[in-house]
Amino acid sequence: MDATLHLEIVTPDRTVASKPVSYVGVPGVEGEFGILPNHVPLLSALGIGDLYFRCEEKNNEPWHVFVSGGFVEVSGNRVTVLAEAAELAETIDIARANAAKERAEARLAAQGENIDLDRARLALHRAVSRISIAGLV
């Protein structure tokens with residue numbers, strides 16, 4: 001029985017991670033779920049939040065990745081994450097995330113006619129998630 005999975009996290013413009021891992025925690029649209037080696041085949045939509053994984057490279061300490069939108073596929077012992085956006089916690093620009101949070105909060109507070117409230121709520125959720133995940137490292 002194989003004790004590892006191969007994880008690929010890919011966005012439209014780059015590969016964020018490609019590693020052998022022992023566990024992956026995924027923020028699905030219906031809630032978080034975990035993937036271990038020899039998992040049944042699966043295809044799920046990604047939510048917004050913390051995708052984390054464990055591997056030998058960091059003595060099984062978790063790596064945290066902000067993801068937003070996309071899909072995760074499990075097939076064999078491969079986990080492929082196709083995300084609209086993904087950032088390793090270490091690379092998150094906290095100042096930029098704070099600015100995005102402030103802009104979203106201002107839009108929500110204004111609630112004017114030309115404000116897309118759903119879009120503003122999602123922007124706020126993404127910014128708060130980025131800030132929170134950056135604080136995990």
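Me: Before we start, what are the ground rules on pLDDT?
Reply: Residues are numbered from 1 along each chain as its sequence is written, and side-chain values use heavy atoms, with hydrogens and water left out. As this is a predicted model, totals for chains, interfaces and linings use all residues, while side-chain atom pairs count only at pLDDT 80 or more and local features need pLDDT of at least 70.

Me: In what order do the elements run from the N terminus?
Reply: Helices (H or I, at least four residues) and strands (E, at least two) are DSSP runs, numbered from the N terminus. There are two helices and eight strands here. The order is β-β-β-β-β-β-β-β-α-α.

Me: How many residues apart in sequence are the parts that E57 and K19 tie together?
Reply: Their side chains form a salt bridge at 2.9 Å, N to O; the term takes a side-chain nitrogen of Lys or Arg within 4 Å of a carboxyl oxygen of Asp or Glu. E57 sits in the loop between β6 (48–54) and β7 (62–75), and K19 in strand β2 (residues 15–21), so the parts they link are 38 residues apart.

Me: Is K19 buried or exposed?
Reply: Using a 1.4 Å probe and protein chains only, buried means under 20% relative accessible area, exposed over 50%, and partly exposed in between. E57 has 55%, so it counts as exposed. K19 has 14%, so the call is buried.
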